[in-house]
Amino acid sequence: MKITLVGSGVVSIPPKRGGATELIIYELSKHLPKKGFEIIVYDLKESTNKKYEIMNGSVYERFSVPRLDNVLFLRLSEFLFGVRSLFHTLNNKTDIVHCQTVFSALPFTLLKHFGCKKLVYTSHNPAWTAEKNDLLNKIILRLEAFVMKAADSNITVSKTMKEGIIKKTDIKPNKIHVIYNFVDSKKFHPRKNLWKGKIGINCPMVLFVGKLSENKGVEYFLRAAKKVIDSKNNVKFVLVGPMSFEYKSNNKWTELVKDLDIENNVIFTDALSDEELPDAYSSADVFCFPTLKEAFGIVVIEAMASGVPVITSDISVLREIVEKNGIFVKLRDDDAIAKSILDLLNDEKKRKTLGKTALRHSKSFAIEKIMEDYSKFYRKIK
């Protein structure tokens, strides 16, 4: 069976610093050839990669599109990449085309049966799990609903997300399949806490990983940090992640840190390399992720696989993913976040116990299991 995996056209594969969608495509391209699939990946051509390459048994074909670094115009880049991918597919007849971003998928909804037998679309959009969305997200949801109706099968990364799509559209439930995101235990696992020392930390560390955006709850993480520091000064709060790959902007959260007078206790690292990120997780005493909405929450599972106790938001999707193996706090409640952090920092036994249960639970999302779920899915829909 020949499967074509279509990238986003804005981040190349494998991603060097972040890029969850691209990481999924990369791992599929590594594992599926071992299961008897013929894989072609359409990827973004950059100066650092080759136009044509065989990698891990999969064929990579790369081509460039205009890069428009603006939150709106970047979607045009994705669409243009989808158009180029479509024309490549017309020349490479394939059984299944699998797209993972709405704008790169749009061209395939118009001419899908000229280039493939089946079109599969995966939605990673957390807006399906939110009660309210702004105008831009409402427009994107409509476009995504159009793509999902046109696709032969769809994948979501959580049951909560599937329920949100069914609630907000007339897409039939049997067209939506849930396949969770995965964690690589060979990469994310408990290890010696040497990373803290490398960046000059010799005290308890509370870690946040993710884009530094309002939706990820950065404001409430920092306001909670202020309250923790007022009670227990010898704590460092580390934020790992970029502002956003869509924008070229400075870290706007540094002003809030100044206003709160916690500059000596807060460290921004920007995005870390794939080699350094696992060390950062395993060095943390507490992982805190007060996000406002999620499709899955992969950073939570990565922290759990690293044996770190997790504090996160009390929203349906994270209740589904974390179950009883973390501490949940009310949305936008920096008092509750601060209290939960202090409780863990002051109770070593509780920290260790929660870290052990988190580690055991993370094995439910082992990469080998999730890749087998994909294999079964592709064979079923052929």
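Student: So two strands pair if DSSP finds at least two bridges between them. Which residue stands opposite Ser-153 in E7?

Tutor: Val-120. This is a predicted model, where local features need pLDDT of at least 70, side-chain atom pairs count only at pLDDT 80 or more, and totals for chains, interfaces and linings use all residues. Residues are numbered from 1 along each chain as its sequence is written, and side-chain values use heavy atoms, with hydrogens and water left out.

Student: How many bridges join E6 to E7?

Tutor: Four, and the two strands run parallel. E6 is residues 116-123; E7 is 153-156. Strands (E, at least two residues) and helices (H or I, at least four) are DSSP runs, numbered from the N terminus.

Student: How does the chain cross from E6 to E7?

Tutor: Through helix H4, residues 135-150, in a right-handed β-α-β crossover. Right-handed means that, with the strands pointing away from the viewer, the path from the first strand over the helix to the second runs clockwise.

Student: Are the E7 residues buried or exposed?

Tutor: All buried, meaning under 20% relative accessible area with a 1.4 Å probe, protein chains only (exposed is over 50%, partly exposed in between). Ser-153 and Ile-155 point one way, Asn-154 and Thr-156 the other.

Student: What is the bridge partner of Thr-156 in E8?

Tutor: Val-178. E7 and E8 pair in the parallel sense over three bridges.

Student: New topic. What is the strand order in the open sheet of six?

Tutor: E11-E10-E9-E12-E13-E14, with parallel pairing. E11 and E14 stand at the edges with a single partner strand each, so one side of each has no neighbour in the sheet.
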